[in-house]
Amino acid sequence: MLNLNTPRLILSPQQNEFSLSNIKLFISKLSELDFIGSELGPSADYQCFETGDDFLHQITFLGCSPTLFSADNSDDSKTFISIAQHQQIQFANSSPLPPARCPHCQKTDKNWPLYLQHWSDNNDSFESCPNCHKDFNFTQMKWKKNAGYGQLFIQIHGIQEQLAVPNQIFMDELQSLTHTPWEYFFAI
Ligand SMILES: [Zn+2]
């Protein structure tokens, strides 16, 4: 089974609770765009794919050029794509995490592990910011690009943090396919 917990770039709709009625159609469109190649089989809840022929035009690698490993290589640094849609909002994150920020005043709040626990127990739990005292749900916290939330994730594995970004043209294509704007972040 492929290891999904390798360093990765994650693309997800900006709206946390966004989900598609037809994920198969979406995947076939990504195949038509040559973003994904042949299927590697499932891993956990994810469908995994080779990178497609146009992948290197859709993702920009910063600094040195990428080393794309073949999919049957057991090296954790190999590049492949996994796609999943979850029934509930998921928290995708890096470790160790920098402080999260309040969605209202942007002040860092070290209490987030407690909020994560509350949210795991009850998705509707609310917190009160110790700085501005406004209420928020854990899934509204801001992480810059070190974590994020969503139900629909495209994960590009084998990408170290901040070393690759999706092209604006590809982000626009995702938006036109799904009729919702997308964002990206990194997880380890
Ligand atoms: Zn605040």
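Q: Which residue takes a positive phi in the hairpin of β2 and β3?
A: This is a predicted model, and in it A44 has a positive phi near 55°, in a hairpin that leaves 2 residues between strands β2 and β3.

Q: How many bridges join those strands, and do they run parallel or antiparallel?
A: Strand β2, covering residues 36–43, and strand β3, covering residues 46–51, run antiparallel and are joined by 5 bridges.

Q: And what stands opposite S43?
A: Opposite S43 stands Y46, which belongs to β3.

Q: Switching topic, what is the phi of H133?
A: H133 is not a glycine, yet its phi is positive, at about 65°; for background, most residues other than glycine have a negative phi.

Q: Where is H133 found, and is it buried or exposed?
A: H133 is found in the loop that lies between β8 (127–128) and β9 (135–136), and it counts as exposed because it has 10 C-beta neighbours inside 10 Å, where the cut-off for exposed is 12 or fewer.

Q: What about H179, what's its phi and where does it sit?
A: H179, also not a glycine, has a positive phi of about 60°, and its place is in the loop between helix α4 (168–178) and strand β12 (182–187).

Q: Why does H179 count as exposed?
A: H179 is exposed because 9 other C-beta atoms lie within 10 Å.

Q: Zooming out, how is the protein divided into domains, and how far apart are their centres?
A: Domain 1 is made of 8–91 + 144–187, while domain 2 covers 99–140, and the C-alpha centres of domain 1 and domain 2 are 27 Å apart.

Terms used: Residues are numbered from 1 along each chain as its sequence is written. This is a predicted model: local features need pLDDT of at least 70, side-chain atom pairs count only at pLDDT 80 or more; totals for chains, interfaces and linings use all residues. Domain bounds come from an automatic or database domain assignment. Helices (H or I, at least four residues) and strands (E, at least two) are DSSP runs, numbered from the N terminus. A residue is buried if 20 or more other C-beta atoms lie within 10 Å of its own, exposed if 12 or fewer, and partly exposed in between; C-beta atoms are placed from the backbone. Two strands pair if DSSP finds at least two bridges between them.
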